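I opened the model to look at a few elements one by one. My notes follow in the order in which I looked things up.

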Amino acid sequence: MKFPDIKTTLPGPNAAALIDVDRNHVSPSYTRIYPLVAENAKGLWIHDPDGNTFLDFTAGIAVCATGHCHPHVVNAIKEQANKLLHMSGTDFYYTSQITLAEKLAQLVPGDGDNKVFFANSGAEAVEAAFKLARWYTKRELNIAFFGAFHGRTMGALSLTASKTIQKKHYNPLIPGITHIPYAYCYRCPYNMSYPECGIECVRWVEDTIFRTTMPPEEVAAIFVEPIQGEGGYIVPPPEFHRELQKVAKKYGILYVADEVQSGMGRTGKMFAMEHFGVVPDIMALAKGIASGMPLGAMVARSDIMVWEAGSHASTFGGNPISCRAALATIELLEAELMENAEIRGEYLMTRLRELQNSIECMGDVRGKGLMVGVELVKDRDTKERATDWRNELIQKSFQKGLLLLGCGENTIRFSPALTVTAEEIDVCLSIFEETLREVAG
Ligand SMILES: Cc1ncc(COP(=O)(O)O)c(C=O)c1O
């Protein structure tokens with residue numbers, strides 16, 4: 001079995017020298033949690049410039065779906081780089097963008113009659129969805145959720161309600177957005193329990209919001225993550241999206257699924273909305289779509305994407321190399337990785353639930369496929385958030401060569417590449433368990 005191999009104190013001398021230069025010249029707004037300098041990587045294993053080897057359970061924040069530098073993706077990139085680097089897909093035509101558009105249109109839930117707008121990132125995909133929803137409905141109001149993360153451009157940031165630091169000094173943002181509580185059953189905002197609650201969080205939209213502050217006929221769209229990502233890997237109850245979409249449909253409101261983090265096979269299905277049996281009107285995709293090449297996509301039904309030429313575009317969006325990388329990624333997902341995500345995800349959840357039996361601070365273990373979160377608490381009854389333990393666990397795991405990240409206030413996220421093996425999960429969990437016991441006493 002392969003283990004992380006840490007030969008120096010961290011950061012090692014070469015990494016420390018690079019970080020010094022970074023400190024002088026790279027934006028201080030970036031949120032580096034620990035001093036990892038990635039030099040080269042393969043699969044789930046990252047090497048730093050000092051010869052240390054790390055096991056990566058972050059996948060570059062749920063991006064490297066096929067693992068670092070999968071040969072099939074690297075070859076596709078090389079092949080495309082020798083043919084065509086750029087020709088601005090919003091002004092001209094090229095094969096890889098057209099082929100990928102056809103593939104994505106068929107891949108998303110629904111009848112396949114869809115169109116794709118290409119962007120460079122998740123925020124840009126959300127931004128495009130925001131604009132299309134306004135353009136199509138000619139309505140000005142929108143609904144999004146507390147805890148949601150949709151990106152950091154001004155439009156996407158207006159929909160985001162994750163951390164105030166992300167909004168500080170940027171107001172006023174886009175008006176007309178109302179944030180409502182997400183279906184966070186472990187900490188129900190209505191102090192109710194599922195299923196006796198009758199999905200109060202959906203009823204509340206119609207009974208309260210639409211009767212008091214938002215005329216529903218003025219609402220363009222509901223923006224929602226199928227499983228909340230940055231908010232804490234929160235899985236809503238099975239009927240949540242179905243019931244909410246019913247309300248949306250009643251008033252001609254578009255249902256926009258932000259699948260930037262949950263999409264592209266991570267949950268064991270191509271899109272997380274498939275677990276909920278919902279066909280969204282618009283979908284935002286990015287992160288895992290091209291195994292690390294920058295690409296975002298907004299997919300909408302053809303009868304919705306009817307905006308006219310010039311109403312939205314992007315010079316780099318749908319870059320030929322990113323599109324080829326996406327096609328190669330999808331080939332791998334369909335051939336085996338989506339299934340692997342389901343199988344390994346179940347294994348990871350089972351093992352975590354076993355640990356939960358003997359480790360008191362593991363308050364909630366939740367997820368789908370390889371989108372798994374463990375919420376740490378000081379006390380299972382009071383559910384007091386163990387944010388300090390969570391943060392210490394991440395730091396100590398790094399020192400031992402395991403890369404983890406948090407999400408929400410007190411949740412550890414497990415988002416490894418979809419190529420992860422049972423052995424790699426075992427290694428991850430042996431370090432996780434040992435460190436969590438040290439941290440939580
Ligand atoms: C659900 C979701 N939407 C949008 C974004 C923004 O993506 P990007 O950072 O590529 O702009 C993220 C990033 O974490 C995300 O998780």
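I started with strand E8 (residues 254-258): five of its five residues are buried, so E8 is largely enclosed by the rest of the structure. I count a residue as buried if 20 or more other C-beta atoms lie within 10 Å of its own, as exposed if 12 or fewer do, and as partly exposed in between, with C-beta atoms placed from the backbone. Helices (H or I, at least four residues) and strands (E, at least two) are DSSP runs, numbered from the N terminus.

Before going on, I noted that this is a predicted model, in which local features need pLDDT of at least 70 and side-chain atom pairs count only at pLDDT 80 or more, while totals for chains, interfaces and linings use all residues. Residues are numbered from 1 along each chain as its sequence is written.

I then checked the two faces of E8. Leu254, Val256 and Asp258 are buried on one side, and Tyr255 and Ala257 are buried on the other. Strand E7 (residues 219-224) pairs with E8 in the parallel sense over four bridges; two strands pair if DSSP finds at least two bridges between them. I found Val256 of E8 as the bridge partner of Phe223.

Next I looked up the open sheet of four strands, which has the order E1-E2-E3-E13 and mixed pairing. Its edge strands are E1 (40-42) and E13, each of which pairs on one side only. E1 pairs with E2 (residues 45-47) in the antiparallel sense over three bridges. Here Ile46 in E2 is the bridge partner of Ala41.

I turned to helix H4 (residues 95-107). H4 has 13 residues and spans 18 Å from its first C-alpha to its last, close to the 18 Å expected at 1.5 Å a residue; the expected span is 1.5 Å times one less than the number of residues. Its buried residues are Ser96, Gln97, Leu100, Ala101, Leu104 and Leu107. They cover an arc of only 135 degrees around the axis, which puts them on the same side of H4. The arc is taken over the directions from the helix axis to the C-beta atoms. Among the elements that cover these residues are helix H3 (71-83) and strand E4 (114-119). For this, contact means C-beta atoms, placed from the backbone, within 7 Å.

Arg390, Leu393, Ile394, Ser397 and Phe398 are buried in H10. They fall within an arc of 130 degrees seen down the axis, so they line one face of the helix. Asp388 and Gln399 are exposed, on the face turned away from the buried side. The cover over the buried residues includes strand E12 (371-376) and helix H11 (422-440). Just after H10, Gly401 takes a positive phi of about 95 degrees.

I also looked up Glu342, which sits in helix H9. Glu342 counts as partly exposed, with 18 C-beta neighbours inside 10 Å. Leaving aside neighbours within four places in sequence, Glu342 is in contact with Gly268 and Gly369.

Last, I asked which residues come nearest to the ligand. Of the 14 around it, they are Ser121, Gly122, Ala123, Gly151 and Val260; near means a C-beta atom, placed from the backbone, within 6 Å. Helix H5 (residues 122-137) gives the most to this shell, with three residues.

Technical notes: Contact = placed C-beta atoms within 7 Å.
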